[in-house]
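This report describes one protein chain, working from its overall make-up down to single residues. The sequence and structure come first.

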Amino acid sequence: MHRVAIVVQPGIRGFDLAVITEVWGPDRTRLGVPRFELRRCAVDTGPITLPGGLTLAPDRGLDWLAEADLVVVPALAEPSDPTPEPVLAALREAHARGVPVAALCAGAFILAEAGLLAGRRAVTHWSLAPRLAARHPAVLVEDAPLYVEDSGLWTSAGVASGIDLCLHLVRRAHGAEAAAAIARSMVTGPFRTGDHAQYLDRPTPAADRTAEALAAVRERALRHLGEPLSVATLAGWAGMSPRSFARHFVAATGTTPHRWLLGHRLDAARRLLERTDHPVPEVARRAGFASEVTFRQHFTSSVGLSPRAYRGAAGPSAGQPRPNPGDSVRNGS
């Protein structure tokens, strides 16, 4: 996924365009990130007007989508605005060739207009979900996750979740190290799973003691991923009952303790597979899985490859030697 095409048209959101450009645009090869070729593809290469008085100069026509490894679709500022048929046709052709197509926020409306989301799961900003469902009743609209995938079509919720989806796509194609390096350079969190809630019903102030206790538990858990960690253990660290802890954890993070732990353990396993020569059973143990069988099942379900196949495809990060067997791997928070 080294060639990335942004599908641009009049009225696209500047924020979405900036996110895509920041993730795949800069040269970060010195950080071990592959070099990407990012192109802005449009019906023609004349200047395009964006909301807020901005203009954009496309550098490729829609025919470049045939060369892309990934196609990313920014949202229109007004989701109901029509998209030109040549753009819709190009998206249909890209998907038919098996190229992953990702739409940020209200970009789901564009994929739906192209007929790509009929009978498939999709997500958009929670406030736009009823509108998407009403306009395209064949789409299986969800309003809770940050991002979802169905048949090679990725959609994300509003605003910052576009960053999460873009980093996730980097992680899937190029590994956890590359995604973490990009996240560090963007000064953003490196890992939020798609099943995080878009918003919290009862936001907790940062100064609240419960929020501080939960943050401390998450940080401590990340330092001890290789150890058996039950909800009861985490609750004990927070000084709460397991039931109360689980309730507060979901309210604070939008996901359950089990899913949070599983996501970070899978990410830690990716890093171990990319950066070490540890046998798969040792990777499973260091990442905190109870058994190699359980690890293989979760990893294959999440990544789409077995741990051994993933290691063969990823290899060591560019320019970074594998650490000694005694080295520890700590996942980012």
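What percentage of the 333 residues in the chain do buried residues make up? They make up 47%.

## Overall make-up

The model is predicted. Its chain has 13 helices and eleven strands. Among contacts with a separation of 6 or more, 66% are between residues 24 or more positions apart. The structure also holds 17 salt bridges, some of which are described below.

## The seven-stranded sheet

An open sheet is built from seven strands, in the order β5-β2-β1-β6-β7-β11-β10, with mixed pairing. Strands β5 (60-61) and β10 are at the edges; each has a single partner strand, so one side of each is left without a neighbour in the sheet.

Helix α5 (residues 161-174) lies across β6, β7 (101-103), β10 and β11 (153-156), and runs at about 150 degrees to β11.

## V7 in strand β1

V7 belongs to strand β1. Is V7 buried or exposed? V7 has a relative accessible area of 1%, so this residue counts as buried.

Leaving aside neighbours within four places in sequence, the contacts of V7 are C41, L65, V71, V72, V73, P74, V87 and L91. A42 is 35 residues from V7 in sequence, yet the two C-alpha atoms are 6.1 Å apart in space.

Strand β10 (residues 147-150) contains D150. Which side chain of opposite charge is nearest to D150, a buried residue without a salt bridge? It is R120, at 4.5 Å. A salt bridge requires a nitrogen to oxygen distance within 4 Å, and D150 has none.

D150 does have other partners. Its side chain makes a polar contact of 2.9 Å with the side chain of S151. Not counting residues up to four places away in sequence, D150 touches R120 and R121.

## Salt bridges

Side chains of opposite charge can pair when their charged atoms come close. D27 counts as partly exposed because its relative accessibility is 44%. R35 has a relative accessible area of 53%, so R35 is exposed.

A second salt bridge links E37 and R39, with the closest N and O atoms 3.1 Å apart. E37 is partly exposed, with a relative accessible area of 29%. R39 is also partly exposed, at 21% relative accessibility.

In a third, the closest N and O atoms of R286 and E282 are 2.8 Å apart. These two residues are both in helix α11 (residues 280-286), where they are four residues apart, about one turn of the helix. R286 has 24% relative accessibility and counts as partly exposed; E282, with a relative accessible area of 21%, is partly exposed as well.

## Helix α6

How many of the eleven residues of helix α6 (residues 176-186) are buried? Nine are, and the helix is mostly covered. The buried residues are A176, E177, A178, A179, A180, A181, I182, A183 and M186. Just after α6 comes V187, which takes a positive phi of about 55 degrees.

Key:
Residues are numbered from 1 along each chain as its sequence is written. This is a predicted model: local features need pLDDT of at least 70, side-chain atom pairs count only at pLDDT 80 or more; totals for chains, interfaces and linings use all residues. Side-chain values use heavy atoms; hydrogens and water are left out. Buried means under 20% relative accessible area, exposed over 50%, partly exposed in between (1.4 Å probe, protein chains only). Lys and Arg count as positive and Asp and Glu as negative; His and the chain ends are not counted. A polar contact is a pair of N or O atoms within 3.5 Å; within protein, one must be able to donate a hydrogen and the other to accept it, and residues adjacent in sequence count only if both atoms are side-chain atoms. Contact means heavy atoms within 4.5 Å. Two strands pair if DSSP finds at least two bridges between them. Axes are lines fitted to C-alpha atoms, for helices over the stretch in contact, and angles run from 0 to 180 degrees between N-to-C directions.
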